[in-house]
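Student: Can we go through this model by question and answer? Keep it brisk, please.

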Amino acid sequence: MQSVCPYCAVGCGQRVFVKDEKVVQIEGDYDSPISRGRLCPKGSASEQLVNAPSRQTAVLYRAPYAKDWQELDLETATDMVADRFIEARRNTWQENDEQGQALRRTMGIAGLGGATLDNEENYLIKKLFTAAGAVQLENQARI
């Protein structure tokens, strides 16, 4: 099947070969107008990312002051993140400055995008944070 490399914003094409519901090989897609069958070292090692025996497949949470991690189901973890995001926005919202000029922003939320996300994912994350009023947004690719 055809896919896109998950590592950077270039969007190199990949061909993913699956046997018995397991990824067995990933190589460059010669039909891709972006990469024409070529992959960087990270893209070439994508199969290892998928099949690594030490790959974390569960959500882990360590409560404040706890020594051990505990597994959470994805819905619980998502709700915890959403609740904290909304609370941080509510507690740090700035409607106007001292002169009464509209700010409509929060300085309590910042975003750092990563090069392992593709352009579309980074675009949507930027839109989400901007819509929430966050102004402190950066991306690893620019640093």
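Student: In what order do the three strands of the open sheet stand?
Tutor: This is a predicted model. β1 (2–4) and β3 (22–28) each have a single partner strand, so they stand at the edges and one side of each is left without a neighbour in the sheet. The pairing is antiparallel, and the order is β1-β2-β3.

Student: What does the twist average from one strand to the next?
Tutor: Take the open sheet of three strands, β1-β2-β3. From one strand to the next, its twist averages 40°.

Student: Which residue in β3 is the bridge partner of Phe17?
Tutor: Strand β2 covers residues 13–19 and runs antiparallel to β3, with six bridges joining them. Within β3, Phe17 has as its bridge partner Gln25.

Student: Is Ser46 buried or exposed?
Tutor: Ser46 lies in helix α2 (residues 46–51). The cut-off for buried is under 20% relative accessible area. Ser46 has 2% relative accessibility, so it counts as buried.

Student: Which residue's backbone oxygen does the side chain of Ser46 reach?
Tutor: Leave out residues up to four places away in sequence, and Ser46 touches Cys5, Pro6, Tyr7, Gln14 and Ile26. At 2.8 Å, the side chain of Ser46 reaches the backbone oxygen of Gly43.

Student: How far apart are the end C-alpha atoms of helix α4?
Tutor: Helix α4 (residues 119–131) has 13 residues. The expected span uses 1.5 Å times one less than the number of residues. That gives 18 Å for α4, which agrees with the distance between its end C-alpha atoms, 18 Å.

Student: Which residue with positive phi follows α4?
Tutor: Look just past the helix. Phi is near 95° there, and the residue is Gly133.

Student: With which side chain does the side chain of Asn139 make a polar contact?
Tutor: Asn139 is in strand β8 (residues 134–139). At 17% relative accessibility, it counts as buried. Not counting residues up to four places away in sequence, Asn139 touches Leu112, Gly113, Gly114 and Asn122. The polar contact, at 3.2 Å, is with the side chain of Asn122.

Key
Residues numbered from 1 in each chain as written. Predicted model: local features only at pLDDT ≥ 70, side-chain atom pairs only at ≥ 80, totals over all residues. Heavy atoms only, no water. Pairing = 2+ DSSP bridges. Helix = DSSP H or I, 4+ residues; strand = E, 2+ residues; numbered from the N terminus. Axes fitted to C-alpha atoms, helices over the stretch in contact; angles between N-to-C directions. Buried < 20%, exposed > 50% of the residue type's maximum accessible area, 1.4 Å probe, protein only. Polar contact = N/O pair within 3.5 Å; in protein donor to acceptor, adjacent residues only side chain to side chain. Contact = heavy atoms within 4.5 Å.
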